[in-house]
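Biologist: Hi! Could you walk me through this model?

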Amino acid sequence: MIGVSLAIVGIFTAAISGGLTGRIVGWLGERRTLYIGQFFGAVGMVIAGIARGGALYIASIPVISMWNISFPAAQGMMTHRVSEREQGELQGAIQSLRSIAFVIGPFLFSGTFAWFINPKRSFQLPGAPYYLAAALLFIAMLMATRVEQPQFGQVSPTPDGSGEAMPPEIIPPAIGPIIDTEENI
């Protein structure tokens, strides 16, 4: 059953990421795609949390998989808000945040699971990690509804505020090694 569920996850992830995301973003725009994807993720997590058998859990997979439409939409919205020179920094920051989430997530959700299934407690709720994930996604969705859609065709701001690209000769030098010249000695 685990192999079947993983195969279903793979099929839906490939179908949504490979064929559906671009169409949805083109149809709804990045902002709506972001919060609609988060909404589906939250609903899918609730379904997975209430599942007490394999059939309902497998039914939650396509719904949770719709969450995958949010990642490209969010990344697209962020890339429109920084200049071309800052794109590498943005991608590095996104990857750093994902790495931090991959470290914190297992502790947070397995700790939540352990706390809620502890036999010493009178109240057990094995779906608690899914409910926590749903709550976090729902909060993120509410926050995403307040984000403005970027205006395409506008020039990204540059550090000097002129709106024009700066020629390379007036870009301040990056911090680097100090070269000893007769002026410096």
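Modeller: Happy to. On a 1 Å grid over the protein atoms alone, a pocket is an open set of points where a 1.4 Å probe fits, with protein on both sides within 12 Å along at least five of seven lines, and lining residues have an atom within 4 Å of a point. A volume is the space filled by probe spheres set on the points, which are joined across faces, edges and corners. The model is predicted: local features need pLDDT of at least 70, side-chain atom pairs need 80 or more, and totals for chains, interfaces and linings use all residues. Residues are numbered from 1 along each chain, and side-chain values use heavy atoms, without hydrogens or water.

Biologist: What volume does the largest pocket have?

Modeller: About 1600 Å³. Of its 39 lining residues, the closest to its centre are Trp67, Phe71, Arg98, Ala101 and Leu137.

Biologist: Which helix gives the largest share of that lining?

Modeller: H5, with twelve residues; helices here are DSSP runs (H or I, at least four residues), numbered from the N terminus.

Biologist: And how does the lining divide by class?

Modeller: The lining has 28 nonpolar, nine polar and two charged residues. Ala, Val, Leu, Ile, Met, Phe, Trp, Tyr, Cys and Pro count as nonpolar, Asp, Glu, Lys and Arg as charged, and the others, Gly among them, as polar.

Biologist: New topic: at what angle do H5 and H6 pack?

Modeller: About 130°, with axes 8 Å apart; axes are lines fitted to C-alpha atoms over the stretch in contact, and angles run from 0 to 180 degrees between N-to-C directions. Their contact has nine nonpolar, one polar and no charged residues.

Biologist: Which residues meet there?

Modeller: Leu108, Phe109, Thr112, Phe113 and Phe116 in H5 meet Ala128, Pro129, Leu132, Ala133 and Leu136 in H6, where contact means heavy atoms within 4.5 Å.

Terms used
Helices (H or I, at least four residues) and strands (E, at least two) are DSSP runs, numbered from the N terminus.
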